[in-house]
Amino acid sequence: MTQQSTSLLVGLLAGISAALLLVSAGSPSGISFFLFAAAALPVMIAGLGWSNLASGVAVLSAMAVLALTISVQSALVSAITTLAPAAWIAHLSNLARPAEEIGGPEGAVAWYPLSDILLSVCGVVCVGLFAVGLAMGYGPAFVSDLVDLFVSVLQEGNPTYQPSPEGIEEMKNFFLFALPAIQAAMWVLILFAGWYIASAIVRASGRAKRPKDDIPATLRMPRVGGLALAAGVIASFAPGGIGLIGWTLIGAFGIGFVAAGFAIVHERTRGKPARGLMLFAAYATTILFTLPLGFFFFMGLFETARSTSGNGPLSGPGPGQNSNT
């Protein structure tokens, strides 16, 4: 079987797997969220371990299955938010060039910087959510119906719950802007975690092209991420759709700086006797109280990486590549 035929077969199987995960996630259950989050994994594995052709076929085949089993709209939404971003991230991960072009050792290969991969994840999440929000007509009316449904579900479980009209109105105003930020932040984490897991699986299989990244040392947000965050903060004060776009930018790029802050803590605690306890305390307090997110955000913000190609892993000697086919 030729390499192209193998990529086609792998892509087809990966697409069917991704579609099955998404279809299963549509059934209410305790693991629906995890099934939905895992849908990006087959596409990433196909791209990281085989080729761009494999990940592209995976996206198209998953869309076809979803269109036939659920709806065309579901296929498009899944492609914009999950499938296409997964293929794009895999493509970026396999980009490389000769290290001497950036001042590295002769004969080595410099891979696409991890910081730029994180930046790209934030960017594609924003684009996907912008497109889906526009298509769904996200706005005050949409959120009002959503909050009314949420309140009615709560009242079915607890008939004594009777919020005041003012309280419901405040809830609607809060969720109108909070939902884009929360959803963007969660989706950045899901896609980046998917990339991390897919990379580990591909390395374990022996098919990895990219060497293992030193995440604590290299996971930083480029300075352009700070500009995107600043633009989001400014836009968040505007009314209407511009404000919603601003909150989406805040959620996506803000969580990118938080992730960089955690990476910095991992790096700075290396070799410390109580490293495990310190990291456990950092994650536990963040999960329980949320407030420590601000500490990690500012830590990541104050140590932004230069937006260069010099912080990707090196492998060598070998030819650089611009993409894999």
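In what follows, Ala, Val, Leu, Ile, Met, Phe, Trp, Tyr, Cys and Pro count as nonpolar, Asp, Glu, Lys and Arg as charged, and the others, Gly among them, as polar. The structure described here is a predicted model.

**The largest pocket**

Sorted by these classes, the lining of the largest pocket has 32 nonpolar and 12 polar residues, and no charged residues. The space in this pocket comes to about 1,300 Å³. Its lining is made up of 44 residues, of which Leu 129, Val 132, Met 136, Tyr 138 and Gln 183 are the closest to the centre of the pocket.

Helix α5 spans residues 72–93 and includes Ala 86. The relative accessible area of Ala 86 is 0%, and it is therefore classed as buried, the cut-off being under 20%. Leaving aside residues up to four places away in sequence, Ala 86 touches Ala 40, Val 43 and Met 44. Ala 86 and Trp 195 are 109 residues apart in sequence, while their C-alpha atoms are 7.9 Å apart in space.

**Aromatic pairs**

Across the whole structure, a search finds 11 aromatic pairs. One of them joins Phe 36 and Trp 187, whose ring centres are 5.4 Å apart and whose planes meet at 45°, so that the pair counts as tilted. Because Phe 36 lies in helix α2 and Trp 187 in helix α8, this pair ties together parts that are 151 residues apart in sequence. A stacked pair is formed by Phe 262 and Tyr 283, with 4.8 Å from centre to centre and 20° between the planes. Here Phe 262 belongs to helix α11 and Tyr 283 to helix α12 (residues 275–289), so the parts tied together are 21 residues apart in sequence.

The table gives the exposure of the residues in these two pairs.

| Residue | Relative accessible area | Class |
|---|---|---|
| Phe 36 | 30% | partly exposed |
| Trp 187 | 11% | buried |
| Phe 262 | 10% | buried |
| Tyr 283 | 36% | partly exposed |

Elsewhere among the aromatic residues, ring pairs link Phe 257, Phe 297, Phe 298 and Phe 302 into a cluster.

Methods:
Residues are numbered from 1 along each chain as its sequence is written. This is a predicted model: local features need pLDDT of at least 70, side-chain atom pairs count only at pLDDT 80 or more; totals for chains, interfaces and linings use all residues. Side-chain values use heavy atoms; hydrogens and water are left out. Helices (H or I, at least four residues) and strands (E, at least two) are DSSP runs, numbered from the N terminus. Buried means under 20% relative accessible area, exposed over 50%, partly exposed in between (1.4 Å probe, protein chains only). Contact means heavy atoms within 4.5 Å. On a 1 Å grid over the protein atoms alone, a cavity is a set of points where a 1.4 Å probe fits but cannot get out, and a pocket is an open set with protein on both sides within 12 Å along at least five of seven lines; lining residues have an atom within 4 Å of a point. Grid points are joined across faces, edges and corners, and a volume is the space filled by probe spheres set on the points. Rings of Phe, Tyr and Trp (its six-membered ring) pair if their centres lie within 6.5 Å; planes under 30 degrees apart count as stacked, over 60 as edge-to-face and the rest as tilted.
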